[in-house]
Amino acid sequence: MICFYIKSTRVSISIWFFALISVCILLRQDSFLIETGVFIAAHEVGHLSAMLLCKKRVESVSLFTGRLEIKPCTNLLTNREAFIILISGSSVNLLLAVLFSALQMKNEMLINLMLGIFNLLPAGELDGGRIFRLLLESKLSENIANAITLALSFLISVILMSFGFLILFKSVMNPTLLIIGIYIFVTTIKNIRYTN
């Protein structure tokens, strides 16, 4: 991980990010990945815009293998501000999906629709998982909210991995759903270690 600071904001870039770009270039998947990267960046700009509207400082910006993450200083957030910041990323993707649908740009519409829906899944460290935990914590204790969120994350990851295996072996050899399920499973395991 390469780390540096811009003012008081920590910027981290994973070495695996550069490896992914190299593999994609070798496999000549540049245009799809460039589009997806632009729409992931738009998602994060949605979060960043909401942070700025709420007048919150950005704690860190991290570029991982397949994602960009912008974190506000969470100790300064109210539940309402956290909800606005979390929902804003997927809102940008869903608005872009509507726009591209109106322009009859099917691929761009599908990419944004999938990014918006994927990030709203109530699992793991996805925006939807954080929103779900936030809503639970407003009614239940933190421990119970975490336990419910982790259980739901495991359930969603197992369902996605199961469908992913079926799709992988029964159709066009598309591993996307399986990879998403594995990602949610791994982040859930990581959260269990973090909370214990």
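**View 1. Ser-141 sits in the loop between α5 and α6.** Helices here (H or I, at least four residues) and strands (E, at least two) are DSSP runs, numbered from the N terminus. This is a predicted model, where local features need pLDDT of at least 70, side-chain atom pairs count only at pLDDT 80 or more, and totals for chains, interfaces and linings use all residues. Residues are numbered from 1 along each chain as its sequence is written, and side-chain values use heavy atoms, with hydrogens and water left out. Ser-141 counts as partly exposed because its relative accessibility is 37%; buried means under 20% relative accessible area, exposed over 50%, and partly exposed in between (1.4 Å probe, protein chains only). A polar atom of the Ser-141 side chain lies 3.3 Å from the backbone nitrogen of Ile-144.

**View 2. Here's the whole protein, before we zoom in again.** It has seven helices and four strands. The protein has 196 residues, and 37% of them count as buried.

**View 3. Glu-125, Arg-130 and Arg-133 are linked in a network of salt bridges.** A salt bridge is a side-chain nitrogen of Lys or Arg within 4 Å of a carboxyl oxygen of Asp or Glu. By this rule, the count comes to two salt bridges. In one, Arg-130 pairs with Glu-125, and the closest N and O atoms are 3.0 Å apart. In the other, the side chains of Arg-133 and Glu-125 meet at 3.4 Å, N to O. Side chains of opposite charge can pair when their charged atoms come close. Glu-125 is partly exposed, because its relative accessible area is 26%. Arg-133, found in helix α5, counts as buried because its relative accessibility is 17%. The Arg-133 and Glu-125 side chains also make a polar contact (3.4 Å). A polar contact is a pair of N or O atoms within 3.5 Å; within protein, one must be able to donate a hydrogen and the other to accept it, and residues adjacent in sequence count only if both atoms are side-chain atoms.

**View 4. Asp-127 is buried yet has no salt bridge.** You'll find Asp-127 in helix α5 (residues 127–137). The nearest side chain of opposite charge is Arg-130, 5.0 Å away; for this check, Lys and Arg count as positive and Asp and Glu as negative, while His and the chain ends are not counted. Asp-127 does have a partner of another kind: a polar contact of 3.0 Å joins its side chain to that of His-47.

**View 5. Phe-132 and Ala-145 are 13 residues apart along the chain, with their C-alpha atoms separated by 8.7 Å.** Phe-132 belongs to helix α5. Phe-132 counts as partly exposed because its relative accessibility is 24%. Ala-145 is one of the buried residues of α6.

**View 6. Helix α6 has a list of buried residues, including Leu-150, Ile-156, Leu-160, Met-161 and Leu-168.** Asn-146, Thr-149 and Ser-153 are among them too. An α-helix has 3.6 residues a turn, so residues three or four places apart point the same way. How does the span of α6 work out? At 1.5 Å a residue, its 29 residues should span 42 Å, and the end C-alpha atoms are 42 Å apart, which agrees. The expected span of a helix is 1.5 Å times one less than its number of residues.

**View 7. Leu-155, Ile-159, Phe-163, Leu-166 and Ile-167 make a nonpolar surface patch of about 450 Å².** Patches are made of residues with over 30% relative accessible area and no salt bridge: like charges are joined within 9 Å, nonpolar side chains (Val, Leu, Ile, Met, Phe, Trp, Tyr) within 5 Å. Accessible areas come from the Shrake-Rupley method with a 1.4 Å probe, and for residues only the protein chains shown count as cover. Ile-159 lies in helix α6 (residues 142–170), and counts as partly exposed because its relative accessibility is 39%.

**View 8. Gln-104 has a positive phi of about 60°, although it is not a glycine.** Look for Gln-104 in the loop between α3 (79–102) and α4 (106–120). Gln-104 counts as exposed because its relative accessibility is 74%.
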